[in-house]
Amino acid sequence: MISSETFKRIRAVVLDVDGVLTDGRAGYGAAEEIKFFNMRDGHWMKLAMRAGLKVGLLSGRGSEANRKRAAELGLSFIYENCKDKLEGFERLLAEHGLRPEECLYIGDDVIDLPVLRRAGVAVAVADAVPELDEAADFRTQLPGGHGAVYEAIRRLLIEQEKLDSVMERYRR
């Protein structure tokens, strides 16, 4: 069981994209790749940023859809084409003045294992491959692309005792 103190050290939420923010599918039209992002996940990413957390993407692939979504949400960072996710994570830490234990990472596949092992809080989405269980602190109830990010961020905000303050504007 992960402690509240561990959650309280978190300063950044780092997200894989395909299989975490999306359901892992990609469609191709004549001009561009099409992805579907869960709107609730996006809203809770904004709530996390309002609570003072950095939120951003660490993806093995590059995609205009990823960049559009990151810009729309005003994310703190985006690292793409990270075939070696741990190398990308180390770069992110250095460039943003973070320590590994200050990051919550959410992944879904074996490429995410090195980062999950290094992050302060390691989260696997409900439909992640079973190999992630060795490194994940918990698995969400909801699958990637269908609220897993919302679920993990909500738990983080509860553990950090920030949920009430970010929800205040909705209770008027």
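**A buried aspartate and its surroundings**

At 5% relative accessibility, Asp-16 counts as buried (buried means under 20% relative accessible area, exposed over 50%, and partly exposed in between, with a 1.4 Å probe and protein chains only). The model is a predicted one, in which local features need pLDDT of at least 70 and side-chain atom pairs count only at pLDDT 80 or more, while totals for chains, interfaces and linings use all residues. Residues are numbered from 1 along each chain as its sequence is written, and side-chain values use heavy atoms, with hydrogens and water left out.

Asp-16 sits in the loop between β1 (12-15) and β2 (27-28); helices (H or I, at least four residues) and strands (E, at least two) are DSSP runs, numbered from the N terminus. Not counting residues up to four places away in sequence, Asp-16 touches several residues, among them Leu-58, Tyr-105 and Asp-108 (contact means heavy atoms within 4.5 Å). The side chains of Asp-16 and Lys-85 are also joined by a polar contact of 3.0 Å. Such a contact is a pair of N or O atoms within 3.5 Å; within protein, one must be able to donate a hydrogen and the other to accept it, and residues adjacent in sequence count only if both atoms are side-chain atoms.

What does the UniProt annotation "binding site" cover? According to this unreviewed entry, the annotation covers Asp-16 and Asp-108. They span 93 residues in sequence, yet no two of their C-alpha atoms are more than 7.7 Å apart, so they gather at one spot. UniProt positions are given in the numbering used here, feature names are shortened, and annotations may be inferred rather than shown by experiment. Asp-108 is found in the loop between β6 (103-107) and α5 (113-118) and is buried, with a relative accessible area of 15%.

Overall, the chain has seven helices and eight strands, and 53% of its 172 residues count as buried.
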